[in-house]
Amino acid sequence: MKLIKEIQPTPNLSIILPGGCNGKCSFCFWKKTDTHPLYVDRLEQYLTLLPNIFTQCSITGGEPTLSVFLEPVLELIKKKGYPKVVLTTNGTNIMNNIDLFDGVINHINLSRHSINDDENYKIFNCNDVPNSDQLIDICNSLNKINIDLNLNCVVSDNTLGAEYVYDFIDYAKTIGATSVTFRKNYDADDLELISIDELFSDFRTTEKSCPVCKTRCKLICGMPIYFKYSLKEPSDHVDFIYEAIYHPNGLLTEDWHGLNEIKFVQESNININIQKINSAFSSSSNNGHDHYTSCGQSRSRSYTSC
Ligand code: SF4
């Protein structure tokens, strides 16, 4: 079986785990939906149907570490053997699940929106996300099983100064994180640069972009710092499949709203025009850096949540 619609060259599969979230962030897009009684079985079927062009998978929520579906989903992902598996989390229940991650997850995006614990609690609107001491333990435990951790900070204030970035980098180093991502708040729904990105315009920058998202990487104080931009609903802006999203209600769709189900046909009836779609994607570097990350692949999670 093949997808009935054209698809971008490096698609991401995002799996939204049922179960909700302990946080109540003002910028959260996660919407509660019913959980299909055969949620895991249907996911297994889709993993069989999806073409090999899907090589990376993002696990998201809600808060995936609080979901009872985390373990069975990781088992399926492990069986499938995706080379790149990313978990995005607010970190709440991560220490109780670390044993499940070994050999499945490569990378963790942990949401952290302030270097100050109390301010961070306020943004999450809950105080059971990890504090700074707990984050150090989390990083240590993850590093022991070769999982690196990126701190993901949603930027809602476009007047922040360079000090904010430097302080965040110092904090990330103290914690033991390997990178920081400053993500533009989706409410803006455009790809215009945020001020703290422009403040570092004279730094070497690697950019990967596509019609619906942009990732700019700079090496600042020896740490890869990402500035990420995405449109709220990519599928509204492209006429091909940008990514596949598996929802708690058991549907695989090409949109985060969960309205446009992905269809499959017999292979002989399909003509995937990869070259045409390739032309919509670009990558560039203003100073010859290697690419630190890829665009259009792991936008994932931050849409629904952290
Ligand atoms: S943004 Fe993430 S942590 Fe915040 S409420 Fe949404 S899912 Fe929870």
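Cys213 counts as buried because its relative accessibility is 4%, where buried means under 20% relative accessible area, exposed over 50% and partly exposed in between (1.4 Å probe, protein chains only). Cys153, at 0% relative accessibility, also counts as buried. A search of the whole structure for disulfides returns 0, a disulfide being defined here as a pair of cysteine sulfur atoms within 2.5 Å.

The structure is a predicted model, in which local features need pLDDT of at least 70 and side-chain atom pairs count only at pLDDT 80 or more, while totals for chains, interfaces and linings use all residues. Residues are numbered from 1 along each chain as its sequence is written, and side-chain values use heavy atoms, with hydrogens and water left out.

The predictor's confidence in each residue is given by pLDDT, on a scale from 0 to 100. Its mean for the protein is 87, and 86% of the residues reach 70 or more. Over residues 268-278, however, the pLDDT is below 50, and this stretch has 18 contacts in the model beyond near neighbours in sequence; contact means heavy atoms within 4.5 Å. Residues 281-306 also stay under 50 in pLDDT, and here the model has 109 contacts beyond four places in sequence. Where pLDDT is low, the predicted coordinates should not be read in detail.

Strand β5 comes next. Helices (H or I, at least four residues) and strands (E, at least two) are DSSP runs, numbered from the N terminus. β5 spans residues 107-111 and is mostly covered, with 5 of its 5 residues buried. Both of its faces are covered: on one side lie His107, Asn109 and Ser111, and on the other Ile108 and Leu110. Two strands pair if DSSP finds at least two bridges between them. β5 pairs in the parallel sense with strand β4 (residues 84-89) over 4 bridges, and His107 is the bridge partner of Val86. β5 also pairs in the parallel sense with strand β6 (residues 148-155), over 5 bridges, and here Leu110 stands opposite Leu151.

Finally, Ser235 sits in the loop between β10 (223-230) and β11 (241-246). Ser235 counts as buried because its relative accessibility is 13%. Leaving aside neighbours within four places in sequence, Ser235 is in contact with Glu254 and Asp255.
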